[in-house]
Each structure stands twice: as C-alpha cells, then as structure tokens.
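This report covers a metal site and a helix contact. The structure is shown below.

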Amino acid sequence: MSTTYTVKCVRCGGTGVYDGMTAAGRGGECFGCNGTGRKTVTRYTAEEKATLRARKLRFDRALELVQRRSKALAATAGSVDLEDAAFYGFLALRDGEPDRFLKMLDALDAGRLDDVIHCLAKYRRS
Ligand SMILES: [Zn+2]
C-alpha cells in the first residue's frame, strides 16, 4: 500500500518563506509549499507503480487511437470539429466520470472505435 508522509520543504528550509530572488523581487511566501514549510510525499510500492504505468499506457494508447481515427472521420464526414470534440470529450469523461471512462476503454478494446468517438463528441457537446 502507498504511504504518505510529510517532509520539510527544501526550497525554504521549512520556514515557509523563500528568501532568494524571484521575478517579483526578493523573498516572499514559498511557492514550493504555499508558505506552510512542509510538503506531502506519497511513496508507492513496486506493484502500485506497475499498475499506474499500465493505466497510463492504456490511456495513452486509447487517446492516440481516438485522435488518429477522429481526424480521419472529420476529414471524410465534413465534421470539422469532430477531432476536437472527441479529444475534449475523452478528457472530460476521464476527469468527470472515471467509471464510465473505464467502460469506454473497454469498448475501445472491443473494437467499437467509431461508436466511441461519436459518443465522446456528443458528450463534449452536451
Ligand atoms: Zn517552502
């Protein structure tokens, strides 16, 4: 299981105040820790890291597939915004409804690419 712990912010040495030069001049509230002087770190086990990597890989492949196909569909169907709508629908579904997002990935694996693209575009436009 992942473990979360708190460490002293290295940017400000735990004071919450950064005293080096910034674009705004010298010093001020530390941006590294929002002035708290502490940061939260999460450590993952090797198994969790592998799961996260696999999830990222699946996400990247699905997005690439959707983008490539929606571009082609947009060109032939004369629906110029299909590519953008599918792309932003993809991201909106991931952020808004993670459970449905996984079902969408399953549908992609099942080869329902065109259906998925049109649903994503509709999702984006709704
Ligand atoms: Zn700090």
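Cys9 has a relative accessibility of 2% and counts as buried, because the cut-off for buried is under 20%. The model is a predicted one. Cys33, at 6% relative accessibility, is also counted as buried.

| Residue | Relative accessibility | Class |
|---|---|---|
| Cys9 | 2% | buried |
| Cys33 | 6% | buried |

Both residues belong to the zinc site: the SG atoms of Cys9, Cys12, Cys30 and Cys33 coordinate the zinc ion at 2.3 to 2.4 Å. The angles among the four donor atoms run from 105 to 115°, and the site of the zinc ion is tetrahedral. Along the sequence, the donor residues follow the spacing C-x2-C-x17-C-x2-C. Cys9 sits in the loop between strand E1 (3-8) and strand E2 (17-22), while Cys33 sits in the loop between strand E3 (25-29) and strand E4 (38-43), so this pair ties together parts that are 24 residues apart in sequence.

The second topic is the helix contact. Helix H2 (residues 82-96) and helix H4 (residues 113-125) have axes that come within 7 Å and cross at roughly 80°. H2 contributes Leu82, Ala85, Ala86, Tyr88, Gly89, Phe90, Ala92 and Leu93 to the contact, and H4 contributes Ile117, His118, Leu120, Ala121, Tyr123, Arg124 and Arg125. Of the residues in the contact of H2 with H4, 11 are nonpolar, two are polar and two are charged.

Methods
Residues numbered from 1 in each chain as written. Predicted model: local features only at pLDDT ≥ 70, side-chain atom pairs only at ≥ 80, totals over all residues. Heavy atoms only, no water. Donors = N, O, S within 2.8 Å, 3.2 Å for Na, K, Ca; no water. Tetrahedral: all angles 85-135°; square planar, octahedral: opposite > 155°, others 65-115°. Helix = DSSP H or I, 4+ residues; strand = E, 2+ residues; numbered from the N terminus. Buried < 20%, exposed > 50% of the residue type's maximum accessible area, 1.4 Å probe, protein only. Axes fitted to C-alpha atoms, helices over the stretch in contact; angles between N-to-C directions. Contact = heavy atoms within 4.5 Å. Nonpolar A, V, L, I, M, F, W, Y, C, P; charged D, E, K, R; others polar.
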